[in-house]
Amino acid sequence: MSDPSVTQDLIHGGEGPAASVVSASNKPRSLWQDTWDILKRRKIFWISLTMLVLFLLMAAFPSLFTGKNPDYATLAKSMEPPSGEAWFGYDLQGRDVFARTIYGARTSIIVGVLATLLTVVLGGIAGVLAAYYARWVDSVLSRVGEIFLGVPYVLGAIIILGTIAPAQSSPDRATIMAVVIVVLAVLGWPILMRIARSSVIQAKHQDYVQAARALGAGPFRIIFKHLLPNSLAPILVYATITIGSYIGAEATLSLLGIGLREPVISWGIAIADHTSYIRTGAHAMLFPAAFLSLCVLTFVMLGEAVRDALDPKLR
Amino acid sequence: MAPAEPILQVRDLVKHFPLTQGIVFKRQIGAIKAVDGVSFDLHRGETLGVVGESGCGKSTLAKVMMALERPTSGSVVVDGKDITKAKGSELKRMRRNIQMVMQDPYTSLNPRMTVGDIIGEPFEIHSEVVPKAGRRKRVQELLDVVGLNPDHINRYPHQFSGGQRQRIGIARGLALQPEIIICDEPVSALDVSIQAQVMNLLDRLQKEFNLAYIFIAHDLSVVRHISDRVAVMYLGKIVELGGDSQIYDRPSHPYTQALLSAVPVPNPEGREARQRIILQGDPPSPANPPSGCRFRTRCWKAQDICAKEEPLLQIRPGTDHLSACHFAEARDVVHTQS
Amino acid sequence: MVEVLSEPTGRGSYSGALLEVENLQVEFHTRQGVAKAVNGVTYSVNPGETLAVLGESGSGKSVTAQTIMGILDMPPGKITGGEIRFRGVDILKLSEEQRRRIRGEGISMVFQDALSALNPVFPVGWQIAEMFRIHRGASRSDAKKKAVELMDRVRIPGAKDRVNDFPHQFSGGMRQRIMIAMAIALDPEILIADEPTTALDVTVQAQIMGLLADLQRDSNMGLILITHDLGVVADVADKIAVMYGGRIVETAPVHDLYANPAHPYTRGLLESIPRVDLKGQELYAIKGMPPNLLEMPSGCAFHPRCPYRREDCATAIPPLYPISGNRGSACHYWREVVDGSR
C-alpha cells in the first residue's frame, strides 16, 4: 500500500472512467454529441442532408438554379414537351415548367416548416401542460385533442378551408398561405400533444425530477431544465417527418382546389392544373410531382436517421 | 447519546393513497394505507435505520418527510416547524436543512446536465447561499469531498459508473449543507464491491459534517452497519424501534425475529445448526390490512387478543426497547447456536 | 418414452461428472468492439451437489449459464471455444433438436425475473402443463393434473383453485415458485438458478431457498446457483466458483473459501460486506470498479484493484493454480493471500 498512486486512488474512490465510455473519455460529452457521432456515420443521414440543402437553396435563392421568370407565359408554347431550351417543357399557359418547379420549392417548404413549427408550439405547450399538471388539465386537453383527431384530416380541411376561403374566392398570396398553414397545424397538433405528453410523463417520473423538487425547484425550472430537454428527442423526430407530410398535405389541398391557388407558385398547384392533361402532356405534372415526392422523402429519411441515432436501444 | 432537542420529530404520520374507480366521475372505493401512524425522533448526528420489506411504506415515508407528498395527517417537525404544512418560500427555506440521496444512480441524475450543473443546481435554486462567482469553486470542493476528481466538473452522468453517480447524488444532497439527509436505499443498486465504498463515504461525511441520517433499506446487514438506532416497519407501521444491538441482538417482535433469522449470514460454519423462522405466505395487502395486529396472520404467537386489540409501540415487561407486540419477548436469532 | 430418454440424456451409465464445462469461451460482438464475456471457464457439477457461481455484474456468470442452456443470443454472442459435456457428451456439438430434448429433461433453468419469464396471457397451470404436452405428449387432462401436483410440490397454497389464475394474480414469491415448478416439471438432472431470489424480500427469499434445497434433496439434482450474494452462497453451496472479468479466479469447497480465501478479490469481497451478526468498524472497500469487458486490463484482470499486485501481475495472466485437493486460485501470489498478509 506504499504505492502513491494506489493511495491516491483510494482517496478519490479510485474509479476510473466509466464502462460506457470507451475512448476519448477525457472530454465532456453530452448525449446530443453522442447522437451527432452516430448520425455522422450514417449514409442515409448524409444523403438526406445533401438533398435538404439543395431544396433549401432552391427555396432561398431560386435564381441560382434558373434564370427564367416563372410567371412569363407564352401561350403559343402551351404544353410543349421538354427540350434543350426548356428542360422540363412548358405548361398549359406556356410557362417554363423547370422555373416553376424551382420556384415552387419555396412555397412548399415555407408551408411545411411554418405549419410544423405552429404544430410543435401548439401541441408541445398542450402536451407539457397536460403532463405536468395532470388531473383535470390533462383530462380536458386530452379530450379536446381527441375531438380534433376524430375528424378525418381531409374532411376537416375541406370544411374549414371551404368556409374561410371557398374555391371560387381569390385571396392574396400571404393570406391563403397563412390560412393553409393554420389549418394544417390546427388539425395536426393533437398527435404532437400526445407525443409530448407521453414523453414528458415519462421524464416526470424519473428520480431526478423528484430530486429537483426536493431541492425546492419551481415548476418553471422543472419544466425547462428537466422535463423539456429530456423529452425533446421524440418531438424532434416527429416534427422532421411532419414537415414532409405537411408538404404532401398542402399539395393534396391544392389538388382539391381548396388549398393554395394562383398567383402562388407551388408543386401542388402545378399538379392540380395539369391532371386532365396527363395523356397529352404528362411532363407538366410529373416534374413537380417528382420534386414533391423527393422533398417529402428527404424529410422522412432525415427524421428516421435522427430517430435511429437517438434510439437508446441501439447504443 | 441523548441530546436535548431532536432535529426531526415525526408524529402520527399517516399517508393513504385513495383507490378510485371510474374515469370521469371518480369514486373512492378504498385506500392504500402506505404509512399508517408512524412516530419517531431523530437527533443531531445520529443515524436512524428504517428496515422493512417491499410495500411496508418506507419509501412513502421518505417522500412525505421530504414534503414531496402531502400526508393524510400527522406532522414532520424539522427544527421546530412542521414541513408538511409549510408552503412557498418557507418550505423552500426548510428544504435547505433536509435533503435526500436516492436509490437508482441511473435515473436520479438528469442526463442532459453536466455534473457541475447538477451539483450546482441547489445554488441556483437557493441563490442566497453562495454568490454566483463562488459557485463553481464550491461545486469542485463538493466533488472532492465525495471522492471524485474536481476536474470532471464538465462531464455528463453517463460518463460515470454507478458508484460514481451515487457519489454525485450525495454531493448534490450535501450542497446546501443540510443537517438531515434521507438516504432511500442508497447502495442497493450497486455492485457488492462498490457498496462498501459508498457506505464508508456516508460514514465519513456524517462525522465530518455532523449529519443526521435516516437510512432506509431492505438489507438488514447494511442497516446494522450504519445505524445507531433502527425502526422495523411492517404494513405501514413501526413494529419495533431501538438501538442497533437491542434490535439485532435482542429483537422482541416476532416479525423482527423472522426477518433477522431469514438473513443469510456469509459464514457457512454451523449453518446446519442455525435455526430459521420461515414465515408462511406473503404480507397482506396494505389496502386491506388485518384487524388488530397487522402481523397476526403470519405470526406463530397469534392469539385472540391480537385480532381484537392493536398492540401499541411501547416498552414491554422483560424488554428494554419499544415493541408493538402483545407477547414481546427478547430472543437472539442472529447468532448461531441460539 | 424410453427411446426419447436413451440418447443423449440416458441416465445411469456415465461415471464422470454429470455436467462439465471446460475452457468455455464466449464473445460478444458489439459496435464498440469485441467483449470477451467468458474467457476460459471450467467447472463441474455432480448429482446432488450445489455449485455456487459467485460474481458481480459483467463477471460472465450468467452468460456461462445461458450458454449451457443454449439460450444465448447469437449474434451478438458467439461461442469461440471449449466444451460443455453433459454425461460425457459435448452438447455444443449436438443438433438443435437433440439440445431441445436436453433442455427441460436434462438441464433446466430458473430466472431472476419471474414476471417477465412467464407469459402474461396464459394461465399458469396451462403453462406448466404445456411442458408435459410438448415433451411427453401427455393429454390435456393428464397434463393439467400433473400441473396441480407440481404446484403442490412447490407449496403453492390452494394449488387446485389457482391453476387457472394468470401470472399477475400471484405475488413475486409465488411466481418464482411457478417458475421452479416449470423448471422441475420434467425431472431435470441439473437445475440452473440464476439469481433466483434477488428480486424478492428476505423472508420470501428464505422460503424459496428452502424449497430449492428440499427439491434437490428429494430428486438428487445437481444445482448451479448463480448469485452475487455471499450470504446465500454460505447457506446452501457445497462448492464455489468465484468469477471476475470472464474468468474463474477461485474455486473451493464452501468452508475453505469462507475460512481462508485464496484470491485477493474473494478476500476483498468477504471483508467488504457488512454483517447482520456483527457490528463492525469501517468496512474494507475494494477500490476501483469492475473491469470494462471491452477494455480488459492486461495480465490479471483484477490487478488494478489488487492490494497484492506486483509488476508481473500486469503482464502475466495467472492460471488457476491448484492449491490443495480441489481448491484453486488464479493469483500469482495466492500464498500471501492465504497467509492473510497485506
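**Chains and their contacts**

Analyst: In chain A, 70% of the contacts between residues at least 6 apart in sequence join residues at least 24 apart, where two residues are in contact if their C-beta atoms, placed from the backbone, lie within 7 Å. Please keep in mind that this is a predicted model, in which local features need pLDDT of at least 70 and side-chain atom pairs count only at pLDDT 80 or more, while totals for chains, interfaces and linings use all residues. Residues are numbered from 1 along each chain as its sequence is written, and chains are lettered from A and ligands numbered from 1 in the order in which they are written.

User: OK, and how many helices and strands does chain A have?

Analyst: Chain A has eleven helices and zero strands, whereas chain B has ten helices and twelve strands; helices (H or I, at least four residues) and strands (E, at least two) are DSSP runs, numbered from the N terminus.

User: What share of chain A counts as buried?

Analyst: Of its 315 residues, 40% count as buried, and in chain B buried residues make up 52% of 338. A residue is buried if 20 or more other C-beta atoms lie within 10 Å of its own, exposed if 12 or fewer, and partly exposed in between, with C-beta atoms placed from the backbone.

User: Switching topic, how many residues of chain B are in contact with chain A?

Analyst: There are 34 residues of chain B in contact with 29 residues of chain A. On the chain B side, the elements that give two or more residues are α2 (88–95), β6 (98–101), α3 (115–125) and α5 (162–174), and α5(B) gives the most, with four residues.

User: And how do the residues on that side of chain B divide?

Analyst: They divide into eleven nonpolar, 15 polar and eight charged, where Ala, Val, Leu, Ile, Met, Phe, Trp, Tyr, Cys and Pro count as nonpolar, Asp, Glu, Lys and Arg as charged, and the others, Gly among them, as polar.

User: Which residues does C:Ile224 touch?

Analyst: Leaving out residues up to four places away in sequence, C:Ile224 touches C:Val45, C:Leu51, C:Val53, C:Ala65, C:Ile190 and C:Ile192.
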